[in-house]
Every structure is written in C-alpha cells, then in structure tokens.
Amino acid sequence: MPSFLDAPINGAYQLVSWIAGVLEPVGGPYAAALAIIAFTLAVRLLLLPLSLRAVRGEKSRAVLMPQIQEISKLHSKNPERAQKEIAKLQADSGTTLLAGCLPMFAQLPFFWALYSLFSRAVVGGEPNELLAGTLFGAPIGVHWPVFATTPAYVGLAVLLAVVAFFSARRQLARLDETATPMNRNLARLLPFGTLLTAAFIPLAAGLYLLTTTTWTVVERAILLR
C-alpha cells in the first residue's frame with residue numbers, strides 16, 4: 001500500500017484508540033467495539049449537511065415527477081431528447097440524482113480507513129492494540145467465516161437483516177405506480193446487500209455498517225415524514 005495512505009489509517013487509529021480509552025472505564029473489554037460505534041455516529045453527524053441536502057433533493061424530485069412523466073410520454077419515441085429535457089428540468093430546479101448519493105459516497109473514505117485499520121496487525125510501526133478488543137467472544141479484527149457461530153456474528157447478521165427489512169419496506173413505500181418491476185426488486189433486495197458485505201469484512205467494519213445503516217433508516221424516517 002502506498003505510504004501516503006498510511007496517514008489516514010494512523011489518524012483513525014489514534015482517534016478510535018482515544019475514544020476506546022475514554023470508554024474503557026464503562027465498556028471494559030467492549031471499549032473498542034463501543035469506540036467504533038461512537039466513531040460511526042461522529043462521522044454521520046459530520047455528514048449531516050449532505051444528508052439534509054439529499055433529502056431536499058429527493059423531495060424536489062418528487063414534486064417534479066409529474067413533469068418528468070409528461071416529458072417521458074411526450075418524447076417516448078426519442079429517449080435521448082427525453083433525457084436532455086429531464087436533465088434540463090432538474091438543472092433548472094437545482095436537483096440532481098447525485099445529491100441523493102452524496103452521504104454514501106462521502107462515507108467511503110471513513111469505511112475504508114476503518115476496514116484497513118482492523119486488517120492490520122501493525123499501525124505506525126506499533127502493534128495494533130485495537131485488535132485485542134472483542135465482542136461477545138469474537139475478536140473485532142477477525143472476518144465472519146472464522147467465527148460464524150459466535151453470538152457476535154449471529155447478532156450482527158440478525159440486526160443487519162432487521163435494518164435491511166425496514167430500509168427495503170420504506171424504499172418500496174416511496175415508489176410510485178410507474179416504478180418498473182426491476183426497480184421494485186432492486187428496492188426490495190439491495191438493502192440486504194449489507195449482509196453479504198459483512199461476510200467479507202472484519203467484525204469492526206461490520207459494526208460500522210450496522211451503525212450507519214441504522215442511522216440512515218432512522219434519519220430518513222424523521223426527515224421524510
């Protein structure tokens with residue numbers, strides 16, 4: 001890995017270690033796991049302005065939907081013309097499809113740093129002490145398949161499935177009658193991709209995934225009510 005990528009990992013290590021140290025008196029052996037949750041909540045608070053922008057964009061697109069449908073019908077035989085007209089309409093209104101993806105894209109560097117942090121035995125030339133953290137008997141730096149039957153991984157899988165269920169249900173409820181069967185299937189199945197992702201990342205990164213997806217479901221329930 002290029003040396004310049006060590007800086008964010010070292011920074012994440014210092015921050016998560018500091019949080020774990022603060023939480024150790026109450027968290028004990030779970031201090032590192034609690035620090036990951038606290039780190040994730042801090043990231044989501046930091047990205048809250050992007051989430052608010054994404055929600056405003058979604059509400060604006062909902063208002064524009066009748067006009068978009070009218071343009072699609074008017075230029076049904078000329079898809080390129082329809083796309084240009086729809087793009088112009090969205091640009092004039094200040095809404096873009098990208099705005100809804102900003103919170104997800106902005107999280108990727110943080111998720112990568114945490115994943116890399118708990119995939120390394122040595123950070124900054126020193127042993128990675130965070131790897132000593134456990135959650136219900138499972139080391140938080142170990143991947144799912146090795147400890148698949150431990151309570152930590154069973155609990156993580158169950159909670160991810162519950163959050164994915166509510167996320168999928170909410171996405172389906174927001175689709176209008178013009179949504180295609182493919183779009184409905186995607187809305188129904190994509191949230192459960194977190195379960196597949198969790199199977200290939202350290203438990204620590206799985207905790208990040210659970211925390212951030214839970215935040216998203218609650219956040220959208222509040223902001224889109």
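Colleague: Is Arg120 buried or exposed?

Modeller: Arg120 is buried, with a relative accessible area of 18%. Buried here means under 20% relative accessible area, exposed is over 50%, and partly exposed is in between, with a 1.4 Å probe and protein chains only. Before we go on: this is a predicted model, where local features need pLDDT of at least 70 and side-chain atom pairs count only at pLDDT 80 or more, while totals for chains, interfaces and linings use all residues. Residues are numbered from 1 along each chain as its sequence is written, and side-chain values use heavy atoms, with hydrogens and water left out.

Colleague: OK. Which side chain does Arg120 meet in a salt bridge?

Modeller: That's Asp6, at 3.0 Å from N to O. A salt bridge is a side-chain nitrogen of Lys or Arg within 4 Å of a carboxyl oxygen of Asp or Glu. Asp6 sits in helix 1 and Arg120 in the loop between helix 5 and strand 1 (122-123), so the pair ties together parts that are 114 residues apart in sequence. Asp6 itself is partly exposed, at 25% relative accessible area.

Colleague: Let's back up to the overall layout. How many helices and strands does the protein have?

Modeller: There are 9 helices and 4 strands, taken as DSSP runs numbered from the N terminus (H or I of at least four residues for helices, E of at least two for strands). From the N terminus the order is α-α-α-α-α-β-β-β-β-α-α-α-α. Of the 225 residues, 36% count as buried.

Colleague: And what's in the largest nonpolar core?

Modeller: It has 37 residues, and those touching the most other members are Ile36, Leu114, Leu117, Phe118, Leu130, Ile140 and Leu203. Helix 1 (6-27), helix 2, helix 5 (102-117), helix 6 and helix 9 (203-223) each supply at least two residues of this core. Helix 9 gives the largest share, 7 residues. By a nonpolar core I mean a set of buried Ala, Val, Leu, Ile, Met, Phe, Trp, Tyr and Cys residues joined through side-chain atoms within 4.5 Å.

Colleague: Back to helix 2, then. Which residues are buried there?

Modeller: Ala31, Ala32, Ala33, Ala35, Ile36, Phe39, Thr40, Val43 and Arg44. The helix length checks out as well: at 1.5 Å a residue, the 16 residues of helix 2 (31-46) should span 22 Å, and the end C-alpha atoms are 22 Å apart, which agrees. That expected span is 1.5 Å times one less than the number of residues.

Colleague: Which residues does UniProt list as "transmembrane region"?

Modeller: The unreviewed UniProt entry lists 30-52, 97-118, 144-168 and 189-210. Those positions are in the numbering used here, feature names are shortened, and annotations may be inferred rather than shown by experiment. In the model, residues 30-52 are 91% helix and 0% strand, with end C-alpha atoms 32 Å apart. Residues 189-210 are 68% helix and 0% strand, and their end C-alpha atoms lie 17 Å apart.

Colleague: New topic. What's up with the phi of Phe136?

Modeller: Phe136 has a positive phi of about 50 degrees although it is not a glycine. Most residues other than glycine have a negative phi. Phe136 is in the loop between strand 3 (134-135) and strand 4 (138-139), and it's exposed, at 52% relative accessible area. Its C-alpha is 8.4 Å from that of Tyr30, and the two are 106 residues apart in sequence.

Colleague: Last one: where is Val158?

Modeller: Val158 is in helix 6 (residues 151-173), and it's partly exposed, at 47% relative accessible area.
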